[in-house]
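Reader: Hi! Could you walk me through this one in plain words?
Author: Happy to, just ask away.

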Amino acid sequence: MANSDFSNQESSNHEVHLQAALGSAPLAGHINRLLKKPEIVRARRFAQMLDGFHLKNTLTEQVDGRKAVIDGRSVVNFGSANYLGFERHPAVLEAARHALSEWGNHSGCSRIFSSHENIVRLEREIARLVGADESLICANTSQVHQGTIPALFGAAGVTIYLDRYAHTSMHQASLIAVAKGARLQRVDIRDLAAVENQFRDDSAQVKVVMIDGVYSMQGHVPEIRELQKICDRTGTILYIDDAHGIAVYGERGGGVVEMLDLSFENMILTAGLQKGLGAYGGFVAARKPVIDFLRVSSRSYIFSGTLQPQAVEGSLAAIAVCDSDEGRNLRARLKTMSKKVRQGLRELGFVVPAGDSPIVSVAMGAELKTLLAGRKLFDEGVYVNSVLYPATPKGEGLLRISLNAIHTDEEIALLMTAFSALKSYLDGYRSPLGPNFSYLKEFAGRQLRRGRRSSSEWVKKLGL
Ligand SMILES: Cc1ncc(COP(=O)(O)O)c(C=O)c1O
């Protein structure tokens, strides 16, 4: 057996240290070559300097509503995309328990052979919720894209206009379509005049533009109505991923498509069940001929298993709550909370994009600053996501707050107090080695005890 050792990680938990693999096996050699890629070298330096990937690989040990124990600390969780708090809603739990006792923990085989009755019911309910003829469910949203995009658009004579900032799963799925002959053009749909010119000048037989309904990092809803008009004028198909809009927008909770009253005539909608609906799964919704075609051509649908019964019936219960007065009240509370938090953060001097979605992004800039800011908030008792490249453009790190309708007023007050403490902390930010950046000293101390380089050397190497 080849001599290979991947166990040289000096780690007491599951932090990612990105250390070189020891040994002479081909796999160790391959990993070590991959570790030389520039983006990995940079990540590796952060990992070494900050003692693991820091808030990117934390362990959640307990969850109780919005409270959680993460890496041994009790915090309020502002890092989960479960916007309406359905994960513990009594009706959802009751439905999930019922599904387990009726159907067990498994949903049979691929849907191409047979479907449980409840999943067919869920497809109908999703179609009703978003206002489409039909929907088709896959294991998650990424699987939906991987099945739908190559099946519909993987051919010569197709141009895929993919928004630069659209979710990575659409970029991955589009590469499969490219391998099957499509042309891929990355665009920035904020510049609507430029994209209209591009669509108009393109004589491809099929043109499609792909966007997010709500951008997962910035939390904004793009100009979809305008884009749909441009699509109509230029014969371009509109493909939307509304993973973050479902349950959150629209009178029924049908997402941006319902809120903007968009027609399905020339549009395909995709989204997930594990964000606003608090369950698991993904779907594509469209006119009947599109869905019929996908049932015999989406490889994710044909060659993968499907949702567990508790996710199916939990989603059905969540949709029922969504489309009730209770759901409307939860959405109204979320909107009020979003406005209040945005305004409060701006008053503290933070840069926060406009909007009313539950995703509130706070621009930080430098990556190290972003990570240290996330750590400071964590110590103040709130957990938010510290987001870096490639989820944001290089050097545009941000803190992402995910609001939840069941966050209490006290928890929102705690969030604002934590950001106020962060503001004072950042006011001392000249260099990451400045007197206020005590965390770096803490990390440096640990590095030195382990006989590694000092943090100041890493800071120089990173050019911070
Ligand atoms: C816009 C968007 N699309 C797709 C996904 C992937 O979702 P899933 O986990 O269902 O594959 C995400 C995940 O966060 C997302 O934000």
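Reader: What do the buried residues of α3 pack against?
Author: They pack against α4 (117-130) and α12 (309-322). Contact here means that two C-beta atoms, placed from the backbone, lie within 7 Å. Helices (H or I, at least four residues) and strands (E, at least two) are DSSP runs, numbered from the N terminus.

Reader: Before I go on, where does the model come from and how are residues numbered?
Author: The model is predicted, and local features need pLDDT of at least 70, side-chain atom pairs count only at pLDDT 80 or more, while totals for chains, interfaces and linings use all residues. Residues are numbered from 1 along each chain as its sequence is written.

Reader: Thanks! Which residues of α3 are buried?
Author: Val92, Ala95, Ala96 and Ala99 are buried in α3. They sit on the same side of α3, because they cover an arc of only 100° around the axis. That arc is taken from the directions from the helix axis to the C-beta atoms. A residue is buried if 20 or more other C-beta atoms lie within 10 Å of its own, exposed if 12 or fewer, and partly exposed in between, with C-beta atoms placed from the backbone.

Reader: And what is on the face turned away from that buried side?
Author: The exposed residues Pro90 and Ser101 are carried there.

Reader: Where is Leu93, and how does it count?
Author: Leu93 is in helix α3 (residues 90-103). It counts as partly exposed, because it has 15 C-beta neighbours inside 10 Å. Leu93 and Ala318 are 9.6 Å apart in space, C-alpha to C-alpha, although 225 residues separate them in sequence.

Reader: What follows α3?
Author: Gly104 does, with a positive phi near 80°.

Reader: Switching to strands: how do β3 and β4 pair?
Author: β3 (residues 60-64) and β4 (residues 67-70) pair in the antiparallel sense over four bridges. Strands pair if DSSP finds at least two bridges between them. The two form a hairpin with two residues between them, and Gly65 in the turn has a positive phi of about 65°.

Reader: Which residue of β4 is the bridge partner of Thr60?
Author: Ile70 is the partner of Thr60. Ile70 also stands opposite Arg73 in β5. β4 and β5 (residues 73-77) pair in the antiparallel sense over four bridges. In their hairpin, which has two residues between the strands, Asp71 takes a positive phi near 45°.

Reader: Which bond is cis?
Author: The peptide bond joining Tyr389 and Pro390 is cis, with omega about 10°. Pro390 lies in the loop between β15 (385-387) and β16 (397-402).

Reader: Last one: which residues come nearest the ligand?
Author: Asn140, Thr141, Ser142, His167 and Ser216 come nearest, out of 13 residues around the ligand. A residue is near a molecule or strand if its C-beta atom, placed from the backbone, lies within 6 Å of it.
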